[in-house]
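Open your viewer and get ready to click along. We will go one selection at a time.

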Amino acid sequence: VGMFFRYLPVGEIAFRATLVSVLFGTLTAMFVYIVARQLCRSFVAALFTALTFVILHSQWWHSTMAENYAASGFFTAYALYLW
């Protein structure tokens with residue numbers, strides 16, 4: 001995924017690498033919402049869970065730095081969804 005973002009004609013390479021983390025952080029929040037929706041069967045509870053997850057300091061921090069932490073969180077949330 002990072003190689004795809006490498007060829008985007010916007011910003012510097014560090015900015016594009018951060019965009020990859022932002023993408024994975026967003027996908028992680030989406031899958032947390034989906035899992036919470038399936039478990040709770042309530043729109044409000046699932047939305048509250050996802051929003052609480054998004055504003056966590058570690059999730060916010062890892063989604064705004066060019067590292068693999070957000071991708072790891074995404075794959076963990078996706079595995080939870082598949083389970």
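What volume does the largest pocket have? The answer is about 170 Å³. Here a pocket is an open set of points on a 1 Å grid over the protein atoms alone, where a 1.4 Å probe fits, with protein on both sides within 12 Å along at least five of seven lines. Its volume is the space filled by probe spheres set on those points, joined across faces, edges and corners.

A note before you click: this is a predicted model, where local features need pLDDT of at least 70 and side-chain atom pairs count only at pLDDT 80 or more, while totals for chains, interfaces and linings use all residues. Residues are numbered from 1 along each chain as its sequence is written, and side-chain values use heavy atoms, without hydrogens and water.

Next, select Val22, Gly25, Thr26, Ala29, Val54, Gln59, Trp60, Ser63 and Thr64, which line the largest pocket (each has an atom within 4 Å of a point). Two elements each give two or more residues to this lining: helix H2 (13-40) and helix H4 (57-62). Helices are DSSP runs of H or I, at least four residues, numbered from the N terminus. H2 supplies the largest share, 4 residues.

Now zoom in on Gln59, in helix H4. Is Gln59 buried or exposed? Gln59 is buried, with a relative accessible area of 12% (buried means under 20%, with a 1.4 Å probe and protein chains only). Show its contacts (heavy atoms within 4.5 Å): leaving out residues up to four places away in sequence, Gln59 touches Gly25, Thr28, Phe53 and Val54.

Note on methods
Buried < 20%, exposed > 50% of the residue type's maximum accessible area, 1.4 Å probe, protein only.
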